[in-house]
Amino acid sequence: MATQIVMDHTGDTRHCFNPDDPQALARAEERFKQLTGLGFTAAVRTAPGEVAKVQSFDPTAEETLFFPRLVGG
Amino acid sequence: MTLMFRVRRFPTAEARLRFNALSKLYRKFFAENTSETRGLRLLRDWLSPDQRKQFDKLGYFDVVGCNSRRHYRIYHNVRPPNVYEIDSTGCRKMGLCFAPLGQLVKGDIMLAQKIALETDERTALAAANRVPINRCPY
């Protein structure tokens, strides 16, 4: 199972999907486009503690994390 | 006759406060499933082993900016700014105020700050408001 983790006021919301299921994969890709379209940043783990920002949907990613756009405090 | 004075070193008030805060944080972390604890679990999951060790011990962790290779320190238990650029001795040089938009828990905010500085430092710095530091408290 793969997971898309979206940061929110509850801590996070997790969307799990089977990457071998074409319909689930399509929904996950749609969610990716929707969130990044809203300004969320998407990131994946490349190694323990190492993170990479991703610009397009990666169907092989085990976990993709989304956080809202940054603003000055 | 020589008098020997044994000087007992007590931890500073600040160290005691930090220890108490960390103890409280970890009791909460292991006992509850609140939004705050979920945020902290997510943060710990995504930290490098060294960052996790530093965070567990000190309540902050250091990151290296992907563009400038400057060092930044991200704190858990202080009022904003909670991100500081630090020099080679670990002294704070500049406070940086930036966070993800919306009502997020502390762990999530810290993780977003880490990822931003490690993967897109320029964007993070462009969003940040800078707070000058007059002295080095640590």
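In this predicted model, chain A holds an open sheet of five strands, ordered β2-β1-β5-β3-β4, with mixed pairing. The edge positions belong to β2 (11–17) and β4 (50–54) of chain A; each has a single partner strand, so one side of each is left without a neighbour in the sheet. Neighbouring strands of this sheet are turned against each other by 30 degrees on average, direction ignored.

Within the sheet, strand β3 (residues 41–47) of chain A runs antiparallel to strand β5 (residues 63–67) of chain A, and four bridges join the two. One of the residues involved is Thr41(A), whose bridge partner in β5(A) is Phe67(A). Strands of a sheet pair through backbone hydrogen bonds, either parallel or antiparallel.

**Helices of chain B on the sheet of chain A**

Two helices of chain B can be described against this sheet. Helix α4 (residues 106–119) of chain B packs on the sheet and touches β1 (2–8), β2, β3, β4 and β5 of chain A. The direction of α4(B) makes about 80 degrees with that of β4(A). Helix α2 (residues 35–46) of chain B lies across β2, β3 and β4 of chain A, and runs at about 65 degrees to β2(A).

**The contact between the chains**

Chain A gives 20 residues to the contact and chain B gives 32 residues. On the side of chain A that touches chain B, β2, β3, β4 and β6 (70–72) of chain A each supply at least two residues. The largest share of that side, four residues, comes from β4(A). By type, the residues on this side of chain A divide into nine nonpolar, six polar and five charged.

The chains also meet through strand pairing. β6(A) pairs with strand β4 (residues 92–100) of chain B in the antiparallel sense, over three bridges. In this pairing, Val71(A) stands opposite Ala99(B) in β4(B).

**Chain B**

Chain B has five helices and five strands. Read from the N terminus on, its elements run α-α-α-β-β-β-β-α-α-β. Of the 138 residues in chain B, 28% are buried. Among contacts in chain B with a separation of 6 or more, 50% are between residues 24 or more positions apart.

Strand β4(B) also pairs within its own chain. Strand β3 (residues 83–86) of chain B pairs with β4(B) in the antiparallel sense over four bridges, and β3(B) and β4(B) form a hairpin with five residues between them. In the turn, Gly90(B) has a positive phi of about 90 degrees. β4(B) is also joined by four bridges to strand β5 (residues 129–132) of chain B, and these two run antiparallel.

| Strand pairing | Bridges | Facing residues |
|---|---|---|
| β3(A) with β5(A) | four bridges | Thr41(A) and Phe67(A) |
| β6(A) with β4(B) | three bridges | Val71(A) and Ala99(B) |
| β3(B) with β4(B) | four bridges | Val83(B) and Leu96(B) |
| β4(B) with β5(B) | four bridges | Met94(B) and Pro132(B) |

Helix α4(B) is mostly covered, with twelve of its 14 residues buried. Among them are Gly107(B), Asp108(B), Ile109(B), Met110(B), Leu111(B) and Ala112(B). Charged residues such as Lys114(B) and Glu118(B) are also on the list of buried residues. At 1.5 Å a residue, the 14 residues of α4(B) should span 20 Å, which agrees with the 20 Å between its end C-alpha atoms.

The largest nonpolar core has 39 residues. Those with the most contacts inside this core are Leu43(B), Ile74(B), Leu111(B), Ala112(B) and Ala124(B). The largest share of the core, seven residues, comes from α4(B). Ala124(B) touches Leu70(A), Phe98(B), Ala116(B) and Leu117(B), not counting residues up to four places away in sequence.

**An exposed loop residue**

Arg69(B) is located in the loop between β1 (60–64) and β2 (71–75) of chain B. Arg69(B) has a positive phi of about 65 degrees although it is not a glycine. Most residues other than glycine have a negative phi. Is Arg69(B) buried or exposed? Arg69(B) has 8 other C-beta atoms within 10 Å, and a residue with 12 or fewer counts as exposed, so Arg69(B) is exposed.

Note on methods
Residues are numbered from 1 along each chain as its sequence is written. Chains are lettered from A and ligands numbered from 1 in the order in which they are written. This is a predicted model: local features need pLDDT of at least 70, side-chain atom pairs count only at pLDDT 80 or more; totals for chains, interfaces and linings use all residues. Two strands pair if DSSP finds at least two bridges between them. Axes are lines fitted to C-alpha atoms, for helices over the stretch in contact, and angles run from 0 to 180 degrees between N-to-C directions. Two residues are in contact if their C-beta atoms, placed from the backbone, lie within 7 Å. The expected span of a helix is 1.5 Å times one less than its number of residues. A residue is buried if 20 or more other C-beta atoms lie within 10 Å of its own, exposed if 12 or fewer, and partly exposed in between; C-beta atoms are placed from the backbone. A nonpolar core is a set of buried Ala, Val, Leu, Ile, Met, Phe, Trp, Tyr and Cys residues joined through C-beta atoms within 7 Å.
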